Amino acid sequence: MRFSKRTNWNLAENDFTRAVREVRASGVEVLDLTVSNPTACGFAYDSEALLGPLSDSRALVYEPEALGMVRAREAVAGYYREHRTEVGVERVCLTTSTSEAYSFLFRLLCDPGDEVLIARPSYPLFEFLAELDDVKLVEYPLLYDAGWHVDFYALEAAVTAKTKAVVVVHPNNPTGNFASAKESAALQEFCARRGLALIVDEVFLDYALEGVEARSFAAETCEALTFVLSGLSKVCGLPQMKVSWIVAGGPGVGDAMARLEVIADTFLSMNAPMQFALPQWLAGRGAMQREIRERVRANLAVLDARLAGTQANRLVMDAGWAAVVRVPRHGGFVEEAMERGVLVQPGEFYGLPEGRVVLSLLTPVEIWARGLERLPVG
Ligand SMILES: Cc1ncc(COP(=O)(O)O)c(C=O)c1O
């Protein structure tokens, strides 16, 4: 069989995955500082409150609505109202994941071979998403200088006749930086001037560190056609429920929604029980968000205490579930940690320079403290 070129992936196990498998099989106690699946981090999920809303008998009737049920989209609008912005339901499209939302937008905006600009460092999922939709990702660098900043000269240089959109992850994963108010305005102007769409991934918006202001791009005046993405996997810590959304705004929004509706109608991927449950899940998100924020706060305090006086340091962050640590050595740090039974992620996975590792701040507190103690940070 001759499969499509886009599926010519190298499916061989990489060195890191092999090393993790071997250390787990060796029987030594493994302290995993990379767990980012919130349902596997010891948080208290209220099973009645979460599973009860799934038994709404109205879900027995199939009434497909391409963009999602109005009551479910109203719940999303309610979420933005709490972020001090009015979003009309006609601008909301529900999807089964943020990944699906990206795919819908790539199909809306790009012909095969078209280009989308994406920050580096960033989350590695995008490469696969783009490849599956025959879209080419072109990177623009984020620069680190007591915080992360968009390199607008490099962004400008990356634009070609094939560029269709700029992706901004706000706050970014794993670097945890928000686009500042100045950067947001500059990005809007940059895209508007060139007829590009702005895709803003806000899945971690609600996890700003204390004292940091989180502004949704949905609350800004959109000079460019703008798509804000978010969903339950982070907003409620419920990745298994598979509910996300796109909120569109700016010039051409009516046309964009009409076309998105056809894309969504082709799949009708949202199921009814989840849409009936969505308003209750969103309304109850406060408890889970508080638990997660408290975990992040406590783990950051332990991390900073551990790194004080060592040759390693934590990079500045505004928000999110990950910490980037600059470690004393370039090669061999991840391997040496693994020999001591501690798992950390190489920064290279995210396009970070050498000598950076990524840790998940959702790690259960006791594992976190013991794992950090064993890290070879000098
Ligand atoms: C920045 C970012 N966007 C999107 C996703 C995927 O979210 P979903 O589970 O909704 O597809 C992740 C997952 O970690 C992420 O970090």
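A search of the whole structure finds one cavity of 30 Å³ or more. A cavity is a set of points, on a 1 Å grid over the protein atoms alone, where a 1.4 Å probe fits but cannot get out. Grid points are joined across faces, edges and corners, and a volume is the space filled by probe spheres set on the points. Rolling a probe the size of a water molecule over the atoms shows where empty space is left.

The model is predicted: local features need pLDDT of at least 70, side-chain atom pairs count only at pLDDT 80 or more, and totals for chains, interfaces and linings use all residues. Residues are numbered from 1 along each chain as its sequence is written, and side-chain values use heavy atoms, with hydrogens and water left out.

The largest cavity holds about 90 Å³ of space. Its lining residues, which have an atom within 4 Å of a point, include Ala119, Tyr140, Val169, Asn172 and Glu183. At least two lining residues come from each of strand 4 (136-144), strand 6 (163-169) and helix 7 (181-194). Helices (H or I, at least four residues) and strands (E, at least two) are DSSP runs, numbered from the N terminus. By class, the lining of the largest cavity has nine nonpolar residues, two polar and one charged. Here Ala, Val, Leu, Ile, Met, Phe, Trp, Tyr, Cys and Pro count as nonpolar, Asp, Glu, Lys and Arg as charged, and the others, Gly among them, as polar.

A pocket, in contrast to a cavity, is an open set of points with protein on both sides within 12 Å along at least five of seven lines. The largest pocket has a volume of about 770 Å³. It is lined by 34 residues, and those closest to its centre are Ser36, Tyr123, Asn173, Phe204 and Lys234. Helix 4, helix 5 (125-132), helix 8 and strand 14 (356-360) each give two or more residues to this lining. The lining of the largest pocket divides into 19 nonpolar, 12 polar and three charged residues.

Where is the ligand? The space that the ligand takes is the largest pocket; a molecule sits in a pocket if more than half of its atoms lie within 2 Å of the grid points.

The table lists polar contacts, which are pairs of N or O atoms within 3.5 Å.

| Side chain (N or O atom) | Distance to a ligand oxygen atom |
|---|---|
| Thr98 | 2.6 Å |
| Asn173 | 2.8 Å |
| Lys234 | 2.9 Å |

Taken alone, the ligand exposes 400 Å², and the protein buries 89% of that. Accessible areas come from the Shrake-Rupley method with a 1.4 Å probe.

Most residues other than glycine have a negative phi, and most peptide bonds are trans. The bond that joins Arg120 and Pro121 is cis, with omega about 5°, and Pro121 lies in the loop between strand 3 (115-120) and helix 5. Another cis peptide bond runs from Asn173 to Pro174, with omega near 10°. Pro174 lies in the loop between strand 6 and helix 7. Asp134 is not a glycine, yet has a positive phi of about 60°.

How values were computed:
A polar contact is a pair of N or O atoms within 3.5 Å; within protein, one must be able to donate a hydrogen and the other to accept it, and residues adjacent in sequence count only if both atoms are side-chain atoms.
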